Amino acid sequence: MRKPFVAGNWKMNMDSQTGVDLAKAIADGSADLAGTDVTVAVIPPFVYLQAVGQAVSSSGVALGAQDIYFEEKGAFTGEISPAMLKDVGCTYVLCGHSERRHVLGESDEVVNKKVLASLAGGLLPILCVGELLEERDAGKTEQVVEQQVRAGLANLGAEKASAVTVAYEPVWAIGTGRTATREQAQEVHAFIRKLLAEMYDENLAAEIRILYGGSVKPDNAKELMSEPDVDGSLVGGASLKPDAFLQIIQAGV
Ligand code: PEP
């Protein structure tokens, strides 16, 4: 059975003190979830990973990074390796977030290298996929998502695929306040699961968590996460407010 998973992507927000305060509030507020099955992660900017990691270290809250570089070490100025992320206590790493794809020009090939490097380095990748508004309007959602899932998981054997989480994040819903309906989310999540079954097998597809992301808020989290193939949320804006994020976690339990 898949455990629900709620992750907060802080993007390029917070400073060191507000980040630590937020992390502590989330750690404290989720203490009573200890007996539940929900996985909670916070994903701060690189420079605050260590401080935030310390703030959540005695809680069940996991630490994730927003990006990774696929080489082990060397002359890659500005980049962060898998070993460095492990060293500061990361468990998860986002690969191919839509802002990296569409603002920073990251290709499917690069995303795939990041997924493979994360796993090789002992990290758990969260592969983000999702269509632009014009692609949805042109009826190309499944085509775009299929391409991103197949390319993102290229050369990944079944033995490691269950360590991957997929996040379906329609680009038109990210940071816009416009959320996919529960039906729209479920339709694409079911499509992704069917695709994973084709790429691997039904048992493996049934194990892989598929999160929804895109303007998840306390008032829509429950209905989205109650869909059968929506296994949790990747939350941006609402993860910056402890009360809102804690309510979303609660909705996923
Ligand atoms: C995200 O950053 O992955 C995201 C879904 O952002 P928001 O919740 O703000 O739409």
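**Barrel.** I started with the sheet: 8 strands close into a barrel in the order β1-β2-β3-β4-β5-β6-β7-β8, paired in parallel. Strands here are DSSP runs of E with at least two residues, helices are runs of H or I with at least four residues, and both are numbered from the N terminus. Two strands pair if DSSP finds at least two bridges between them. From one strand to the next, the twist averages 25°. Such angles run from 0 to 180 degrees between N-to-C directions, with axes fitted to C-alpha atoms, for helices over the stretch in contact.

**Ground rules.** I kept in mind that this is a predicted model, where local features need pLDDT of at least 70 and side-chain atom pairs pLDDT 80 or more, while totals for chains, interfaces and linings use all residues. Residues are numbered from 1 along each chain as its sequence is written, and side-chain values use heavy atoms, with hydrogens and water left out.

I looked up β2 and β3 (residues 62-65): they run parallel and 2 bridges join them. Ala-41 sits opposite Ala-62 of β3. Helix α2 (residues 49-56) packs on the sheet and touches β2 and β3, its direction making about 165° with that of β3. Contact means heavy atoms within 4.5 Å.

**Helix α12.** Which residues of α12 (residues 242-252) are buried? I noted Ala-244, Phe-245, Leu-246, Ile-248, Ile-249, Ala-251 and Gly-252. Buried means under 20% relative accessible area, exposed over 50%, and partly exposed in between (1.4 Å probe, protein chains only). Their cover includes β1 (5-9), α1 (16-29), β2 (39-43), α11 (218-225) and β8 (232-235).

**Aromatics.** I found 4 aromatic pairs in the structure. Tyr-69 and Phe-76 make a tilted pair, because their ring centres are 5.2 Å apart and their planes stand at 45°. Rings of Phe, Tyr and Trp (its six-membered ring) pair with centres within 6.5 Å; planes under 30 degrees apart are stacked, over 60 edge-to-face, the rest tilted. Tyr-69 counts as buried at 17% relative accessibility, and Phe-76 as partly exposed at 31%. Together with Phe-70, Tyr-69 and Phe-76 form one aromatic cluster.

**Ligand.** How many residues surround the ligand? I read off 14, the closest being Lys-11, Glu-169, Gly-175, Ser-215 and Gly-236; a residue is near if one of its heavy atoms lies within 4 Å. A polar side-chain atom of Glu-169 is 2.6 Å from a ligand oxygen. A polar backbone atom of Gly-236 lies 2.8 Å from an oxygen atom of the ligand.

Note on methods. Polar contact = N/O pair within 3.5 Å; in protein donor to acceptor, adjacent residues only side chain to side chain.
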